[in-house]
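Here are a few exercises to work through with the model open beside you. Try each task before you read its solution.

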Amino acid sequence: PPLHYAVVSAGIAGLCCARALAAAGVRVTLFDKSRGPGGRMSTRRGEGWACDHGAQYFTARDPAFQAELGRWQAAGAAARWEPRLVVFDDDQRRDSVGAEARYVGTPRMTAPARLLADGLDLRVQTTVTALQCYEHGWELATAERGVLAEAFDGVLLAVPAPQALPLLQPVLPALAELAGGARMQACWALMLRFETPLALDFDAAFVNCGPLRWIARDTSKPGREGAETWILHASAEWSEAHLEDSPDHVAAALIAAFCELGGGAPLAWAAHRWRYAITASAVDGGCAWHAGAGLGLCGDWLNGGRVEGAWLSGHALAGRVLANVRDELRPGLV
Ligand code: FAD
């Protein structure tokens, strides 16, 4: 029978890795606890409105990722975003300089993940809670379906480091130590909906004062339809300090800060707390692969903490796996 790998996560790293393995003839099954693919490249949708509340845009510096972006663009799943971008410092506002191209998923941030997931065996709403290695392969315990019937030749974890840690600790302490060394910080995100477009002369801003770090008019991104929406992201420091605050309290504080920057009170809002948004301390390596155990790690936290880094990490892990699966047909006992 062909090799069968489990990929835990349908974020951009897991999807990239899974597609590369599948293209090489490895059977792959993906598991994600969410309702759909995308992970932190995510969009909240309501009646007549939508708003990206995770990753805001991405850049493409590496030639391999540039080629991938070309495929996404050709499929209509990504496009360049050219916002009027400003920077708020303590006492002044200035235009943001820098010519690097920014890209977004179209018509929403989840589009590239949906494209990559197409044709793959993806099981959503399946939270992996434990891994167990037997002679016949790896077994996965899940919150929703108990221990899965099938065994896998290898397991690739593409989840944030704090979520990989409890899965690794009982089976592979060396990789657990790696995951334990990454620190990921929180981010409070507030989506605002307006009846009519706000009369602001910019579409997005880096904010270097107060609780906010980033604000953007989501509807200025290509392909967006529906009511005007803005996204506000609080700084990591503020988010960590207010992690357990009620959404009402968070919304009041962030809307007040938005109004100080020229914004206005919204018709409606929705808050989302990202517990593991941004990688604070970089763990180098790009990916990790234990050939003997058939266990691998990828994700943004292993490669710079951004969309491009996550994709490259998944790409690198697939390369490592493919380089030795042919003579590592069975995982060893851990
Ligand atoms: P994720 O996208 O987090 O995927 C992990 C997946 O694993 C998730 O779908 C999750 O549901 C699933 N999962 C976790 N645990 C389990 C489990 N036990 N069982 C099953 N499934 C599980 N990047 C940029 O490049 N530009 C930006 O502007 C930017 N802004 C950001 C703003 C915010 C608020 C956030 C949160 C992130 C931002 N990022 C940005 C970072 C970017 O979103 C990430 O780097 C990238 O999406 C990470 O991809 P990933 O595949 O590594 O992980």
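**Exercise 1: A threonine in a loop**

Thr-110 sits in the loop between strand S8 (102-105) and helix H3 (111-117). Bear in mind that this is a predicted model.

Task: Decide whether Thr-110 is buried or exposed, and find which residues Thr-110 touches, not counting residues up to four places away in sequence.

Solution: Start with the relative accessible area of Thr-110, which is 9%. Buried means under 20%, so Thr-110 is buried. Next, look for its partners beyond four places away in sequence: Thr-110 touches Pro-37, Met-41, Ser-42 and Thr-43.

While you are in this loop between S8 and H3, look at Pro-107, which lies there too. The peptide bond from Thr-106 to Pro-107 is cis, with omega near 0°.

**Exercise 2: Two positive phi values**

Task: Ser-9 is a residue other than glycine with a positive phi, and so is Gln-125.

Solution: Take Ser-9 first, with phi near 125°.

Now turn to Gln-125, where phi is near 50°.

**Exercise 3: A sheet and its edges**

Task: Work out in what order the three strands S10, S11 and S12 form an open sheet, and which strands stand at the edges.

Solution: The order is S10-S11-S12, and the pairing is antiparallel. Strand S10 (128-134) and strand S12 (146-147) each have a single partner strand, so they stand at the edges, and one side of each is left without a neighbour in the sheet. To follow the pairing of S10 with strand S11 (residues 137-142), trace the six bridges that join them. Leu-131, for instance, has Leu-140 in S11 as its bridge partner.

**Exercise 4: A helix pair**

Task: Describe how helix H4 (residues 161-168) and helix H5 (residues 173-180) pack.

Solution: Begin with the geometry: the angle is about 160° and the axes are 8 Å apart. An angle over 145 degrees counts as roughly antiparallel, and H4 and H5 are therefore roughly antiparallel to each other. Their crossing is left-handed. H4 makes the contact with Ala-161, Leu-165 and Leu-168, and H5 with Pro-173, Leu-175, Ala-176, Ala-179 and Gly-180. Finally, sort these residues: seven are nonpolar, one is polar and none is charged.

Terms used:
Residues numbered from 1 in each chain as written. Predicted model: local features only at pLDDT ≥ 70, side-chain atom pairs only at ≥ 80, totals over all residues. Heavy atoms only, no water. Axes fitted to C-alpha atoms, helices over the stretch in contact; angles between N-to-C directions. Helix = DSSP H or I, 4+ residues; strand = E, 2+ residues; numbered from the N terminus. Parallel < 35°, antiparallel > 145°, perpendicular 65-115°, else oblique. Left-handed = near helix turned anticlockwise from the far one by under 90°. Contact = heavy atoms within 4.5 Å. Nonpolar A, V, L, I, M, F, W, Y, C, P; charged D, E, K, R; others polar. Pairing = 2+ DSSP bridges. Buried < 20%, exposed > 50% of the residue type's maximum accessible area, 1.4 Å probe, protein only.
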